[in-house]
Every structure is written in structure tokens, then in C-alpha cells.
Amino acid sequence: MSVVFSYLLTYLIVFGVGGFVCSLGQTLIIKTKLTPARILVIFLILGIILEGLGVYKYIFEFAKSGISVPIVGFGASLARGSIQMAKSVGFIGAFAGGLIQTAYGVGVAVVASYLVTLIFSPRSK
């Protein structure tokens with residue numbers, strides 16, 4: 001298998017899985033009375049459950065960023081950090097582990113959103 005075909009197949013898988021997750025969320029918005037905030041929490045908890053059961057790493061090996069970029073990946077990162085710190089530090093590590101694991105991503109999101117507000121003029125409705 002050529003390198004180009006391998007990359008194209010990877011992009012197709014990532015796009016397909018990420019699109020499926022997004023379409024699942026959109027379907028929940030359209031077909032149910034769930035608010036987007038509640039759907040976000042459902043996906044976050046789904047990521048935590050998948051990581052806790054040990055299933056998330058197998059899904060990630062197949063889907064790569066198609067599953068790690070949506071909020072499901074953030075939930076899995078929270079759970080992974082909590083589990084690792086609980087194993088190494090003890091019970092109290094479960095509370096700090098998720099924050100330590102996700103601090104970089106949260107920090108980047110805060111800085112990026114601040115830069116966007118400097119470039120554009122945000123207005124509330």
C-alpha cells in the first residue's frame with residue numbers, strides 16, 4: 001500500500017468518524033428536546049465511560065482525531081488523567097489528574113478565544 005493511499009484512507013476514516021459523532025449530536029438536537037448543553041454533557045460522560053471501560057483506546061487507534069477532537073476525547077482525557085493520578089498518588093490524585101491532563105488544551109482554548117475577540121468585534125444578542 002502506497003503512502004498516499006494510506007494517508008487518504010486515514011483522512012477518510014477520521015472524517016467519517018468525526019462526521020458520525022457530529023451527525024449524532026445534530027440528530028439528538030433535531031429529534032429530541034435535549035438542549036445542546038445537555039448533549040455536550042452526554043458526549044463528555046460517554047468519553048469518560050469509554051475511557052473507564054478501557055474501550056476508548058481501541059476506538060482511538062482506529063479513528064484517531066475523528067474521536068479525540070470532539071468533546072468525547074476531552075471526557076476521555078479527563079478520565080485518563082484521573083485514573084493515572086489516582087494510581088500514582090492515591091484517592092486525592094483522582095481530583096487533580098483530570099485537570100493536569102487537560103490543562104494545556106484548556107489554556108490554548110482560552111488564549112485562542114481571547115485573540116479572536118481582539119481581531120473581531122464580539123456583540124451579544
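The legends below describe close-up views of a predicted model. Local features need pLDDT of at least 70 and side-chain atom pairs count only at pLDDT 80 or more, while totals for chains, interfaces and linings use all residues. Residues are numbered from 1 along each chain as its sequence is written, and side-chain values use heavy atoms, with hydrogens and water left out.

**View 1. K64 in the loop between α3 and α4.** The phi of K64 is near 50 degrees, a positive value in a residue other than glycine. Most residues other than glycine have a negative phi. K64 is partly exposed, at 36% relative accessibility (buried is under 20% relative accessible area, exposed over 50%, partly exposed in between; 1.4 Å probe, protein chains only).

**View 2. E51 in helix α2 (residues 36–53).** E51 is buried, with 16% relative accessibility. Beyond neighbours within four places in sequence, E51 contacts Y56, A76, A79 and R80 (heavy atoms within 4.5 Å).

**View 3. The aromatic pair Y56 and F60.** Rings of Phe, Tyr and Trp (its six-membered ring) pair if their centres lie within 6.5 Å; planes under 30 degrees apart count as stacked, over 60 as edge-to-face and the rest as tilted. The count is two aromatic pairs. Y56 and F60 are stacked because their ring centres are 6.4 Å apart and their planes at 20 degrees. Both lie in helix α3, four residues apart, so about one helical turn separates them. Y56 is buried at 3%, whereas F60 is partly exposed at 37%.

**View 4. The aromatic pair F91 and F95.** This pair is edge-to-face, with 5.3 Å centre to centre and 85 degrees between the planes. F91 is exposed at 67% relative accessibility, and F95 is exposed at 54%.

Note on methods
Helix = DSSP H or I, 4+ residues; strand = E, 2+ residues; numbered from the N terminus.
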